[in-house]
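Dear colleague,

My notes on what was found in it follow below.

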Amino acid sequence: MIPIWNETRDRGSIERLLGRLRLDVRALLLDGGELQRENENVRKILIDVATRGDAALIDIIHRFDDPAFDPKRLRVTKDEMRDAASRVSKDLIAAIRRSITQVREYQTQILPKQVSYSARPGVTLGLRHTPLDSAGVYVPGGKASYPSSLIMLAIPAQVAGVKRIVVCSPAGKYGDNDLVYAAAHELGIDEFYRVGGVGAIGALACGTESIRPVDKILGPGNSYVQLAKRLVSGAVGVDGFLGPSEILVVADETCAPEFVAADLLAQAEHDPGRCILLTRFPDVAKRVVGAIESQLRERGRSSAIEKALANDSAIIVCESDERIAEWANQFAAEHVNLQVEDPNAWLEKIRHAGAIFVGNFAPVAAGDYVSGPSHCLPTNTTARFGGGVSVYEFMKRTGIAWYEANGLAEDGPSIIALANAEGLDAHAASVVIRTKR
């Protein structure tokens, strides 16, 4: 069961938990260790895909997903997507359409505006946003089905104006994934390939005979997928290195303990999932534990939930609201849930979070499916410097500087002085030759 820690008495336990959640830079840099061995295995697979192309992909599919896979089925056809949609119940199609409509509305509302202004006489400056030419969307598969991940990744790309969107998802040893294919049909996806894991990342980054490379790769996946994204990063763009799902709840005496418990259980069932509750009230902590014990008996994935609650989760009783805010910003969680009397005050205190859900009636599950903001969010405390997937991840920023003669005449002396000071006389000369005219 989830432990209850006192901030003062159990500070060491809290620090150790925080340390486990953070990405370990030393493990990435130093030789040895399980992470380094995984990294080397991933690198070999990427090299194989880069070298042998489709043949390597088919070998990977036969090895990890479906030993009987027919290479002719690598690409999912439009007819297959349509047929899958016809097999899905009307209620589920309606839910998929509602999600698509509301996510598209949100992404459209937050589209960045073009900036242009007259900075000074003869100088106009601006910033423009232009879409990527192509993007690869990775949707995890296997036994599970994640049409929501496809929706949360593809729609921001579509709203941004990306011309070519490529979807990769594992070939199912348990059969085709009708829900994901149905979502692809509703989204109007043209390019969809039955390939997963490191092979998919390699194909999207390097290209094969069947799959042309893309400019950026986005999406969740296991540790091997994330290591693959890290290795190809720089040659192609990536959205980040997404780890296990997380929730951090801030609750006071006005919360409904059964709601808090339900939200913690919802993230714990991701297997692995990480759950933190911060409160000033010991009674709230005890009542939430009681609600967890009561609700756990009714959950289908109870063993996975119990493991997550015992290993990487905690209820922390803090001395003050200020201390709660400090811990919350250190954990910088993927999902933050505010079940408090004055949520506006807490919104100002929480600086680092992938997404914030405000109020007793704002479950994180709403964000997973229909509320609007993408559920592809930073984890492992990386919300300290990163954000969730949105139209911004599918657009590039380009600065614009428009000079006329009088503008350069005013700025010229400063440009010349700084260029000469740096020993770059050709830079200075490019200004002098213009000002002489």
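What share of the contacts in the chain with a separation of 6 or more comes from residues 24 or more positions apart? Such residues account for 75% of those contacts. Please keep in mind throughout that this is a predicted model, for which the pLDDT averages 93 over the chain, with 96% of the residues scoring at least 70. Confidence is lowest in helix 2, residues 25-29, where the mean is 61, and highest in strand 7, residues 216-218, where it reaches 98.

Overall picture

The chain is built with 18 helices and 14 strands, and its C-alpha trace spans about 85 × 60 × 50 Å along the principal axes. Of its 437 residues, 48% count as buried, while the chain exposes about 21300 Å², of which carbon and sulfur atoms supply 52%. As for charge, there are 50 positive and 55 negative charges, and the mean positions of the two sets lie 4 Å apart.

The largest nonpolar core

The largest nonpolar core has 35 residues, and those that touch the most other members are Leu-150, Ile-151, Leu-187, Ile-189, Phe-192 and Phe-394. At least two residues of this core come from each of helix 5 (78-87), helix 6 (90-109), strand 4 (134-138), helix 7 (147-160), strand 5 (164-169) and helix 8 (178-187). Helix 7 gives the most to the core, with nine residues.

Two residues with a positive phi

Most residues other than glycine have a negative phi, which is the background for the next two entries. Ala-332 has a positive phi of about 40° although it is not a glycine; Ala-332 sits in the loop between helix 14 (321-331) and strand 12 (335-339), and with a relative accessible area of 0% it is buried. Thr-381, likewise not a glycine, has a positive phi of about 70°. Thr-381 is placed in the loop between helix 16 and strand 14, and because its relative accessibility is 0%, it counts as buried.

Arg-384 is found in the loop between helix 16 (364-369) and strand 14 (395-403). Is Arg-384 buried or partly exposed? Arg-384 counts as partly exposed, because its relative accessibility is 35%, whereas buried would require a value under 20%. Leaving aside neighbours within four places in sequence, the residues in contact with Arg-384 are Arg-22, Asn-329, Ala-332 and His-352, so that Ala-332, described above as buried at 0%, is one of its partners. Arg-384 and Gln-330 are 54 residues apart in sequence, and their C-alpha atoms are 8.0 Å apart in space.

Residues at or towards the ends of helices

Val-232 lies in helix 10, residues 223-232, and is buried, with a relative accessible area of 10%. Not counting residues up to four places away in sequence, Val-232 touches Leu-46, Ile-201, Ala-205 and Ile-217. From Val-232 to Leu-296 the separation is 64 residues in sequence and 41 Å in space, taken C-alpha to C-alpha.

Asn-311 lies in helix 13, residues 302-311, and counts as partly exposed because its relative accessibility is 45%. Asn-311 and His-352 are 41 residues apart in sequence and 23 Å apart in space, C-alpha to C-alpha; His-352 is also among the residues in contact with Arg-384.

Thr-435 has its place in helix 18, residues 425-436, and, at 40% relative accessibility, counts as partly exposed. The C-alpha atoms of Thr-435 and Ala-409 are separated by 6.1 Å, although the two residues are 26 apart along the chain.

With kind regards

How values were computed: Residues are numbered from 1 along each chain as its sequence is written. This is a predicted model: local features need pLDDT of at least 70, side-chain atom pairs count only at pLDDT 80 or more; totals for chains, interfaces and linings use all residues. Side-chain values use heavy atoms; hydrogens and water are left out. Helices (H or I, at least four residues) and strands (E, at least two) are DSSP runs, numbered from the N terminus. Buried means under 20% relative accessible area, exposed over 50%, partly exposed in between (1.4 Å probe, protein chains only). Contact means heavy atoms within 4.5 Å. Accessible areas come from the Shrake-Rupley method with a 1.4 Å probe; for residues, only the protein chains shown count as cover. Lys and Arg count as positive and Asp and Glu as negative; His and the chain ends are not counted. The place of a charge is taken as NZ of Lys, CZ of Arg, CG of Asp or CD of Glu. pLDDT is the predictor's confidence in each residue, from 0 to 100. A nonpolar core is a set of buried Ala, Val, Leu, Ile, Met, Phe, Trp, Tyr and Cys residues joined through side-chain atoms within 4.5 Å.
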